[in-house]
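Please examine the sequence and the model shown below.

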Amino acid sequence: MDIVVGVTGGIAAYKSVQLVRLLTKAGHDVTVVPTEDALRFVGLPTWEAISRHPVTTSVHEDVARVRHVALGQAADLVIVAPATANTIARMAAGIADDLLGTTLLATTAPVVIAPAMHTEMWQHPATRANITTLHGRGVRILGPGEGELAGGDSGPGRMLEPEEIVAAVLAPRDLEGLRVIVSAGGTREPIDPVRFIGNRSSGRQGAALALAAAERGADVVLVSCHIDGEVLQDAVRHPAVRIVPVGTAAELGAAMDAEAPRADVVVMAAAVADYRPAEVSEGKLTKEAGVLTRIDLVENADIVAGLAAGRPDGQTVVAFAAETPRDAEELLARARRKRERKGVDLLVVNEVGWDRGFEASENAAQIVGPGGEVIARASGAKREVADAVWDAVLSVR
Ligand code: CTP
(Lines give C-alpha, C1' and ligand atoms only; values in the text may rest on other atoms or scores of the structure.)
Protein backbone atom coordinates (compact mmCIF):
# COMPACT_ATOMS: atom_id res chain seq x y z
CA MET A 1 0.00 0.00 0.00
CA ASP A 2 0.95 3.63 -0.46
CA ILE A 3 0.60 5.05 3.04
CA VAL A 4 0.88 8.69 4.07
CA VAL A 5 1.85 9.17 7.69
CA GLY A 6 1.03 12.67 8.89
CA VAL A 7 3.00 13.64 11.98
CA THR A 8 1.94 16.62 14.06
CA GLY A 9 3.55 18.56 16.86
CA GLY A 10 3.40 16.49 20.00
CA ILE A 11 6.03 14.69 22.03
CA ALA A 12 4.53 11.38 20.83
CA ALA A 13 6.03 12.20 17.41
CA TYR A 14 9.06 10.17 18.48
CA LYS A 15 6.84 7.06 18.62
CA SER A 16 5.86 7.59 15.00
CA VAL A 17 9.44 6.89 13.95
CA GLN A 18 8.76 3.32 15.05
CA LEU A 19 5.34 3.41 13.37
CA VAL A 20 6.93 4.32 10.02
CA ARG A 21 9.57 1.65 10.53
CA LEU A 22 7.00 -1.05 11.21
CA LEU A 23 4.94 -0.05 8.17
CA THR A 24 7.94 -0.05 5.82
CA LYS A 25 9.13 -3.37 7.27
CA ALA A 26 5.70 -4.79 6.49
CA GLY A 27 6.36 -3.88 2.83
CA HIS A 28 4.44 -0.62 2.53
CA ASP A 29 5.57 2.51 0.75
CA VAL A 30 5.41 5.27 3.34
CA THR A 31 5.58 9.00 2.75
CA VAL A 32 5.88 11.10 5.87
CA VAL A 33 4.17 14.49 5.93
CA PRO A 34 5.08 16.34 9.12
CA THR A 35 3.75 19.70 10.19
CA GLU A 36 6.24 22.49 10.89
CA ASP A 37 5.62 21.96 14.60
CA ALA A 38 6.32 18.24 14.35
CA LEU A 39 9.83 19.02 13.12
CA ARG A 40 10.58 20.65 16.47
CA PHE A 41 10.21 17.19 18.02
CA VAL A 42 11.74 14.95 15.34
CA GLY A 43 13.85 16.42 12.53
CA LEU A 44 13.44 16.08 8.80
CA PRO A 45 16.51 13.85 8.24
CA THR A 46 15.07 11.22 10.55
CA TRP A 47 11.83 11.05 8.58
CA GLU A 48 13.67 10.92 5.25
CA ALA A 49 16.02 8.18 6.46
CA ILE A 50 13.30 6.05 7.98
CA SER A 51 10.82 6.38 5.08
CA ARG A 52 13.46 6.53 2.31
CA HIS A 53 11.50 9.37 0.65
CA PRO A 54 12.02 13.12 0.52
CA VAL A 55 10.05 14.91 3.18
CA THR A 56 8.63 18.43 3.19
CA THR A 57 5.99 20.34 5.07
CA SER A 58 5.42 22.86 2.34
CA VAL A 59 2.90 23.05 -0.49
CA HIS A 60 5.38 25.18 -2.47
CA GLU A 61 7.93 22.46 -3.18
CA ASP A 62 7.66 20.01 -6.05
CA VAL A 63 4.93 22.22 -7.53
CA ALA A 64 5.39 20.77 -11.02
CA ARG A 65 4.06 17.45 -9.76
CA VAL A 66 1.24 19.13 -7.82
CA ARG A 67 2.53 17.42 -4.74
CA HIS A 68 -0.06 19.14 -2.53
CA VAL A 69 -2.82 17.01 -4.02
CA ALA A 70 -0.85 14.17 -5.64
CA LEU A 71 0.14 12.62 -2.34
CA GLY A 72 -3.44 12.44 -1.12
CA GLN A 73 -4.74 11.18 -4.45
CA ALA A 74 -2.19 8.37 -4.61
CA ALA A 75 -2.56 7.24 -1.00
CA ASP A 76 -4.32 3.99 -0.09
CA LEU A 77 -4.34 4.98 3.56
CA VAL A 78 -3.58 8.13 5.55
CA ILE A 79 -2.55 7.84 9.19
CA VAL A 80 -2.14 10.95 11.36
CA ALA A 81 -0.07 10.03 14.40
CA PRO A 82 0.19 11.76 16.71
CA ALA A 83 -2.89 13.87 16.06
CA THR A 84 -2.77 16.88 18.37
CA ALA A 85 -5.88 18.76 19.53
CA ASN A 86 -4.86 21.54 17.15
CA THR A 87 -4.59 19.22 14.16
CA ILE A 88 -7.90 17.58 15.01
CA ALA A 89 -9.53 21.04 15.07
CA ARG A 90 -7.89 21.93 11.76
CA MET A 91 -9.05 18.68 10.20
CA ALA A 92 -12.60 19.26 11.43
CA ALA A 93 -12.54 22.74 9.87
CA GLY A 94 -10.86 21.58 6.66
CA ILE A 95 -7.93 23.97 7.00
CA ALA A 96 -5.31 23.39 4.30
CA ASP A 97 -2.43 25.81 4.75
CA ASP A 98 0.29 23.16 4.78
CA LEU A 99 1.05 19.93 2.95
CA LEU A 100 -0.68 17.71 5.51
CA GLY A 101 -3.83 19.85 5.31
CA THR A 102 -3.99 19.72 1.51
CA THR A 103 -3.18 16.01 1.47
CA LEU A 104 -6.05 15.31 3.86
CA LEU A 105 -8.49 17.29 1.71
CA ALA A 106 -7.30 15.70 -1.52
CA THR A 107 -7.52 12.11 -0.42
CA THR A 108 -10.41 9.70 -0.78
CA ALA A 109 -8.46 6.96 1.05
CA PRO A 110 -9.42 5.84 4.57
CA VAL A 111 -8.08 8.24 7.20
CA VAL A 112 -7.01 7.04 10.63
CA ILE A 113 -5.92 9.31 13.46
CA ALA A 114 -4.14 8.47 16.71
CA PRO A 115 -4.84 11.38 19.07
CA ALA A 116 -2.28 12.42 21.69
CA MET A 117 -2.76 15.27 24.13
CA HIS A 118 -3.37 16.10 27.75
CA THR A 119 -6.50 14.66 29.31
CA GLU A 120 -8.07 18.10 29.78
CA MET A 121 -7.61 18.92 26.10
CA TRP A 122 -9.01 15.56 25.03
CA GLN A 123 -12.05 16.03 27.23
CA HIS A 124 -12.68 19.66 26.26
CA PRO A 125 -16.05 20.14 24.55
CA ALA A 126 -14.31 21.65 21.52
CA THR A 127 -12.20 18.53 21.01
CA ARG A 128 -15.20 16.27 21.69
CA ALA A 129 -17.18 18.11 19.01
CA ASN A 130 -14.29 17.94 16.52
CA ILE A 131 -13.87 14.21 17.14
CA THR A 132 -17.59 13.68 16.59
CA THR A 133 -17.36 15.63 13.33
CA LEU A 134 -14.42 13.56 12.10
CA HIS A 135 -16.06 10.34 13.21
CA GLY A 136 -19.18 11.35 11.29
CA ARG A 137 -17.04 11.76 8.16
CA GLY A 138 -15.74 8.22 8.52
CA VAL A 139 -12.34 9.04 10.04
CA ARG A 140 -11.20 6.21 12.30
CA ILE A 141 -10.07 7.31 15.71
CA LEU A 142 -7.58 4.98 17.37
CA GLY A 143 -7.31 5.58 21.09
CA PRO A 144 -6.08 7.55 22.86
CA GLY A 145 -4.94 5.13 25.52
CA GLU A 146 -4.60 5.86 29.17
CA GLY A 147 -1.31 6.21 30.95
CA GLU A 148 1.50 8.55 31.73
CA LEU A 149 1.47 11.79 29.75
CA ALA A 150 4.18 14.41 29.24
CA GLY A 151 4.87 16.26 32.47
CA GLY A 152 4.01 13.30 34.67
CA ASP A 153 0.20 13.60 34.43
CA SER A 154 -1.78 10.48 33.84
CA GLY A 155 -5.15 9.76 32.18
CA PRO A 156 -6.66 9.33 28.73
CA GLY A 157 -4.64 11.16 26.08
CA ARG A 158 -1.68 8.93 25.44
CA MET A 159 -1.03 7.97 21.84
CA LEU A 160 -1.47 4.25 21.21
CA GLU A 161 1.74 2.31 20.84
CA PRO A 162 2.99 1.97 17.23
CA GLU A 163 2.40 -1.82 17.39
CA GLU A 164 -1.24 -1.24 18.36
CA ILE A 165 -1.74 1.24 15.52
CA VAL A 166 -0.19 -1.16 13.01
CA ALA A 167 -2.31 -4.05 14.33
CA ALA A 168 -5.44 -1.93 13.96
CA VAL A 169 -4.77 -0.60 10.46
CA LEU A 170 -3.32 -3.78 9.00
CA ALA A 171 -5.63 -6.25 10.77
CA PRO A 172 -6.42 -9.35 8.71
CA ARG A 173 -10.04 -9.38 7.50
CA ASP A 174 -10.44 -12.96 8.68
CA LEU A 175 -13.79 -12.38 10.41
CA GLU A 176 -15.36 -10.91 7.25
CA GLY A 177 -18.94 -12.07 6.79
CA LEU A 178 -19.39 -13.11 10.42
CA ARG A 179 -22.04 -11.58 12.66
CA VAL A 180 -20.85 -11.45 16.24
CA ILE A 181 -22.38 -10.31 19.51
CA VAL A 182 -20.20 -9.25 22.40
CA SER A 183 -21.56 -8.38 25.82
CA ALA A 184 -19.39 -6.16 27.98
CA GLY A 185 -19.24 -4.35 31.28
CA GLY A 186 -20.97 -4.98 34.58
CA THR A 187 -24.70 -5.30 35.23
CA ARG A 188 -26.38 -3.08 37.80
CA GLU A 189 -29.24 -4.45 39.87
CA PRO A 190 -31.31 -1.65 41.40
CA ILE A 191 -32.13 -1.57 45.11
CA ASP A 192 -34.01 1.72 44.87
CA PRO A 193 -33.93 4.63 42.37
CA VAL A 194 -30.47 5.73 43.48
CA ARG A 195 -28.68 2.54 44.57
CA PHE A 196 -27.65 -0.65 42.89
CA ILE A 197 -25.60 -3.82 43.31
CA GLY A 198 -22.79 -3.72 40.78
CA ASN A 199 -19.28 -5.00 40.18
CA ARG A 200 -15.86 -3.74 39.21
CA SER A 201 -15.95 -4.67 35.53
CA SER A 202 -14.84 -1.68 33.43
CA GLY A 203 -15.91 -3.16 30.11
CA ARG A 204 -12.44 -2.69 28.62
CA GLN A 205 -11.98 -6.32 27.61
CA GLY A 206 -15.43 -6.51 26.02
CA ALA A 207 -14.91 -3.22 24.18
CA ALA A 208 -11.52 -4.47 22.94
CA LEU A 209 -13.20 -7.67 21.70
CA ALA A 210 -15.85 -5.71 19.83
CA LEU A 211 -13.34 -3.36 18.24
CA ALA A 212 -10.93 -6.16 17.28
CA ALA A 213 -13.78 -8.09 15.64
CA ALA A 214 -14.88 -5.01 13.68
CA GLU A 215 -11.34 -4.34 12.53
CA ARG A 216 -11.05 -7.95 11.42
CA GLY A 217 -14.13 -7.51 9.25
CA ALA A 218 -17.04 -8.76 11.39
CA ASP A 219 -20.42 -7.09 11.85
CA VAL A 220 -20.57 -6.46 15.58
CA VAL A 221 -23.33 -5.89 18.11
CA LEU A 222 -21.92 -4.69 21.43
CA VAL A 223 -24.45 -5.26 24.18
CA SER A 224 -23.15 -2.82 26.69
CA CYS A 225 -23.87 -3.06 30.40
CA HIS A 226 -22.23 -0.42 32.56
CA ILE A 227 -18.98 0.50 30.80
CA ASP A 228 -16.61 3.26 31.92
CA GLY A 229 -17.56 6.32 29.86
CA GLU A 230 -14.24 6.86 28.14
CA VAL A 231 -13.96 3.21 27.21
CA LEU A 232 -17.29 3.25 25.44
CA GLN A 233 -16.91 6.67 23.83
CA ASP A 234 -13.40 6.32 22.59
CA ALA A 235 -12.60 2.66 22.15
CA VAL A 236 -15.62 1.74 20.12
CA ARG A 237 -15.75 4.19 17.28
CA HIS A 238 -16.13 1.87 14.38
CA PRO A 239 -18.88 1.94 11.80
CA ALA A 240 -19.28 -1.86 12.04
CA VAL A 241 -20.09 -1.75 15.77
CA ARG A 242 -23.73 -1.28 16.82
CA ILE A 243 -24.19 -0.59 20.51
CA VAL A 244 -27.19 -1.86 22.46
CA PRO A 245 -27.17 -0.36 25.97
CA VAL A 246 -28.64 -2.38 28.85
CA GLY A 247 -28.59 -2.14 32.65
CA THR A 248 -29.73 -5.19 34.59
CA ALA A 249 -29.03 -8.88 34.03
CA ALA A 250 -32.66 -9.31 32.91
CA GLU A 251 -32.26 -6.55 30.29
CA LEU A 252 -28.98 -8.08 29.17
CA GLY A 253 -30.67 -11.49 28.86
CA ALA A 254 -33.50 -10.04 26.79
CA ALA A 255 -31.10 -8.19 24.48
CA MET A 256 -28.94 -11.28 24.01
CA ASP A 257 -32.00 -13.44 23.31
CA ALA A 258 -33.16 -10.93 20.70
CA GLU A 259 -29.78 -10.65 18.94
CA ALA A 260 -28.37 -14.17 19.29
CA PRO A 261 -30.51 -16.06 16.76
CA ARG A 262 -28.85 -14.10 13.91
CA ALA A 263 -25.29 -14.38 15.22
CA ASP A 264 -22.46 -16.65 14.14
CA VAL A 265 -20.53 -16.03 17.35
CA VAL A 266 -21.68 -14.98 20.82
CA VAL A 267 -19.08 -13.77 23.33
CA MET A 268 -20.31 -13.16 26.87
CA ALA A 269 -17.64 -10.93 28.37
CA ALA A 270 -20.12 -9.09 30.62
CA ALA A 271 -19.82 -9.49 34.37
CA VAL A 272 -23.37 -10.55 35.21
CA ALA A 273 -24.83 -10.29 38.71
CA ASP A 274 -25.80 -13.77 39.86
CA TYR A 275 -28.44 -12.30 42.18
CA ARG A 276 -30.77 -9.30 42.25
CA PRO A 277 -32.73 -7.71 45.08
CA ALA A 278 -36.05 -9.55 45.49
CA GLU A 279 -37.82 -6.22 45.76
CA VAL A 280 -36.91 -2.86 44.27
CA SER A 281 -38.14 0.07 46.32
CA GLU A 282 -40.26 2.59 44.36
CA GLY A 283 -38.89 5.48 46.38
CA LYS A 284 -35.44 6.09 47.81
CA LEU A 285 -34.87 4.09 51.00
CA THR A 286 -34.29 6.45 53.92
CA LYS A 287 -33.24 5.99 57.52
CA GLU A 288 -36.40 7.82 58.54
CA ALA A 289 -38.46 5.06 56.99
CA GLY A 290 -36.40 2.40 58.81
CA VAL A 291 -32.79 1.22 58.98
CA LEU A 292 -31.82 -1.18 56.19
CA THR A 293 -29.65 -4.05 57.41
CA ARG A 294 -30.44 -6.76 54.90
CA ILE A 295 -31.46 -7.15 51.29
CA ASP A 296 -33.19 -10.35 50.16
CA LEU A 297 -31.84 -11.63 46.87
CA VAL A 298 -33.22 -13.88 44.14
CA GLU A 299 -31.12 -15.66 41.56
CA ASN A 300 -30.75 -14.37 37.98
CA ALA A 301 -30.96 -16.79 35.07
CA ASP A 302 -27.63 -17.99 33.66
CA ILE A 303 -27.75 -16.14 30.34
CA VAL A 304 -24.85 -17.78 28.55
CA ALA A 305 -25.94 -21.29 29.58
CA GLY A 306 -29.38 -20.53 28.13
CA LEU A 307 -27.89 -19.17 24.91
CA ALA A 308 -25.59 -22.18 24.52
CA ALA A 309 -28.48 -24.62 25.10
CA GLY A 310 -30.75 -22.92 22.55
CA ARG A 311 -28.17 -21.95 19.96
CA PRO A 312 -28.75 -22.31 16.21
CA ASP A 313 -26.58 -24.75 14.24
CA GLY A 314 -23.05 -23.57 13.63
CA GLN A 315 -23.03 -20.84 16.29
CA THR A 316 -19.93 -20.58 18.49
CA VAL A 317 -20.49 -19.52 22.10
CA VAL A 318 -17.73 -18.12 24.30
CA ALA A 319 -17.95 -17.42 28.03
CA PHE A 320 -15.59 -15.61 30.35
CA ALA A 321 -14.64 -16.37 33.92
CA ALA A 322 -12.81 -14.17 36.36
CA GLU A 323 -11.39 -16.34 39.13
CA THR A 324 -9.40 -15.80 42.31
CA PRO A 325 -7.82 -19.25 42.70
CA ARG A 326 -5.13 -20.40 45.11
CA ASP A 327 -3.03 -22.04 42.40
CA ALA A 328 -2.78 -22.55 38.64
CA GLU A 329 -4.11 -26.12 38.72
CA GLU A 330 -7.19 -25.09 40.63
CA LEU A 331 -7.74 -22.20 38.21
CA LEU A 332 -7.81 -24.59 35.26
CA ALA A 333 -9.90 -27.22 37.01
CA ARG A 334 -12.52 -24.60 37.82
CA ALA A 335 -12.41 -23.30 34.26
CA ARG A 336 -12.96 -26.79 32.83
CA ARG A 337 -15.92 -27.43 35.12
CA LYS A 338 -17.41 -24.05 34.28
CA ARG A 339 -17.08 -24.58 30.53
CA GLU A 340 -18.92 -27.90 30.78
CA ARG A 341 -21.56 -26.58 33.14
CA LYS A 342 -22.34 -23.69 30.80
CA GLY A 343 -22.18 -25.83 27.65
CA VAL A 344 -20.02 -23.30 25.80
CA ASP A 345 -17.33 -23.97 23.18
CA LEU A 346 -14.66 -21.78 24.70
CA LEU A 347 -14.10 -20.42 28.17
CA VAL A 348 -11.69 -17.53 28.61
CA VAL A 349 -10.40 -17.52 32.16
CA ASN A 350 -8.44 -14.78 33.79
CA GLU A 351 -7.06 -14.44 37.24
CA VAL A 352 -8.32 -11.45 39.17
CA GLY A 353 -7.69 -10.14 42.63
CA TRP A 354 -7.86 -6.94 44.59
CA ASP A 355 -5.11 -5.49 42.47
CA ARG A 356 -5.33 -7.52 39.26
CA GLY A 357 -7.59 -7.76 36.24
CA PHE A 358 -10.22 -5.10 36.70
CA GLU A 359 -9.97 -1.57 35.32
CA ALA A 360 -6.43 -2.31 34.12
CA SER A 361 -5.64 -2.05 30.43
CA GLU A 362 -3.52 -5.21 30.68
CA ASN A 363 -4.95 -8.66 31.11
CA ALA A 364 -3.73 -12.26 31.18
CA ALA A 365 -5.97 -15.07 30.05
CA GLN A 366 -6.10 -18.74 29.17
CA ILE A 367 -8.61 -20.10 26.69
CA VAL A 368 -10.06 -23.53 27.45
CA GLY A 369 -11.33 -25.37 24.38
CA PRO A 370 -14.02 -27.97 23.70
CA GLY A 371 -11.95 -30.89 25.03
CA GLY A 372 -10.95 -29.05 28.19
CA GLU A 373 -7.50 -28.34 26.78
CA VAL A 374 -5.85 -24.92 26.98
CA ILE A 375 -5.83 -23.85 23.34
CA ALA A 376 -4.24 -20.45 23.85
CA ARG A 377 -2.62 -18.25 26.45
CA ALA A 378 -2.48 -14.52 26.02
CA SER A 379 -1.21 -11.72 28.13
CA GLY A 380 -0.59 -8.07 27.60
CA ALA A 381 -2.88 -5.39 26.27
CA LYS A 382 -6.57 -6.25 26.27
CA ARG A 383 -6.39 -5.93 22.48
CA GLU A 384 -3.90 -8.83 22.37
CA VAL A 385 -6.18 -10.94 24.52
CA ALA A 386 -9.08 -9.98 22.23
CA ASP A 387 -7.16 -11.07 19.14
CA ALA A 388 -6.25 -14.36 20.83
CA VAL A 389 -9.94 -14.98 21.57
CA TRP A 390 -10.92 -14.36 17.93
CA ASP A 391 -8.06 -16.62 16.75
CA ALA A 392 -9.37 -19.33 19.07
CA VAL A 393 -12.93 -18.83 17.80
CA LEU A 394 -11.71 -19.28 14.21
CA SER A 395 -9.77 -22.40 15.21
CA VAL A 396 -12.89 -24.17 16.53
CA ARG A 397 -15.32 -23.11 13.77
N1 CTP B 1 -22.97 -15.38 33.08
C2 CTP B 1 -24.24 -15.34 32.52
N3 CTP B 1 -25.32 -15.21 33.32
C4 CTP B 1 -25.20 -15.13 34.66
C5 CTP B 1 -23.91 -15.19 35.25
C6 CTP B 1 -22.81 -15.31 34.42
O7 CTP B 1 -24.35 -15.40 31.30
N8 CTP B 1 -26.28 -15.00 35.40
C9 CTP B 1 -21.82 -15.55 32.19
C10 CTP B 1 -20.78 -14.45 32.23
O11 CTP B 1 -21.03 -13.46 31.28
C12 CTP B 1 -19.50 -15.21 31.90
C13 CTP B 1 -19.75 -16.58 32.45
O14 CTP B 1 -21.16 -16.71 32.59
O15 CTP B 1 -19.32 -15.34 30.51
C16 CTP B 1 -19.09 -16.91 33.75
O17 CTP B 1 -19.52 -16.06 34.76
P18 CTP B 1 -19.26 -16.42 36.29
O19 CTP B 1 -19.85 -15.33 37.11
O20 CTP B 1 -17.84 -16.77 36.48
O21 CTP B 1 -20.13 -17.77 36.41
P22 CTP B 1 -20.96 -18.33 37.57
O23 CTP B 1 -21.83 -19.37 36.96
O24 CTP B 1 -21.64 -17.24 38.31
O25 CTP B 1 -19.90 -19.04 38.48
P26 CTP B 1 -19.35 -18.64 39.93
O27 CTP B 1 -20.22 -19.34 40.86
O28 CTP B 1 -17.94 -19.15 39.90
O29 CTP B 1 -19.43 -17.15 40.03
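Reader: On what basis are the values given?

Author: Residues are numbered from 1 along each chain as its sequence is written, and side-chain values use heavy atoms, with hydrogens and water left out. This is a predicted model, in which local features need pLDDT of at least 70 and side-chain atom pairs count only at pLDDT 80 or more, while totals for chains, interfaces and linings use all residues.

Reader: What distance separates the centres of domain 1 and domain 2?

Author: The chain is divided into domain 1 (2-169) and domain 2 (179-396), with bounds from an automatic or database domain assignment. Taken over C-alpha atoms, the centres of the two domains are separated by 35 Å.

Reader: What area is buried between domain 1 and domain 2?

Author: Domain 1 brings 14 residues to the contact and domain 2 brings 9 residues, where contact means heavy atoms within 4.5 Å. Buried area is the accessible area (1.4 Å probe) that two parts lose on being put together, summed over both. Carbon and sulfur atoms give 41% of the area between these domains, which is about 950 Å².

Reader: How many salt bridges are there between domain 1 and domain 2?

Author: A salt bridge requires a side-chain nitrogen of Lys or Arg within 4 Å of a carboxyl oxygen of Asp or Glu. Between domain 1 and domain 2, the count of salt bridges is 2.

Reader: Where does P144 lie?

Author: The peptide bond from G143 to P144 is cis, with omega near 5°. Helices (H or I, at least four residues) and strands (E, at least two) are DSSP runs, numbered from the N terminus. P144 lies in the loop between β5 (140-141) and β6 (145-148).

Reader: In which strand does P82 lie?

Author: The peptide bond from A81 to P82 is also cis, with omega near -5°. P82 belongs to residues 77-83, strand β3.

Reader: Which element gives the most to the lining of the largest pocket?

Author: A pocket is an open set of points on a 1 Å grid over the protein atoms alone, where a 1.4 Å probe fits, with protein on both sides within 12 Å along at least five of seven lines; lining residues have an atom within 4 Å of a point. The largest pocket is lined by 40 residues, and A270, A271, V272, F320 and A322 lie nearest its centre. Elements giving two or more residues to this lining include α9 (204-215) and α13 (328-342). With 4 residues, the element that gives the most is β16.
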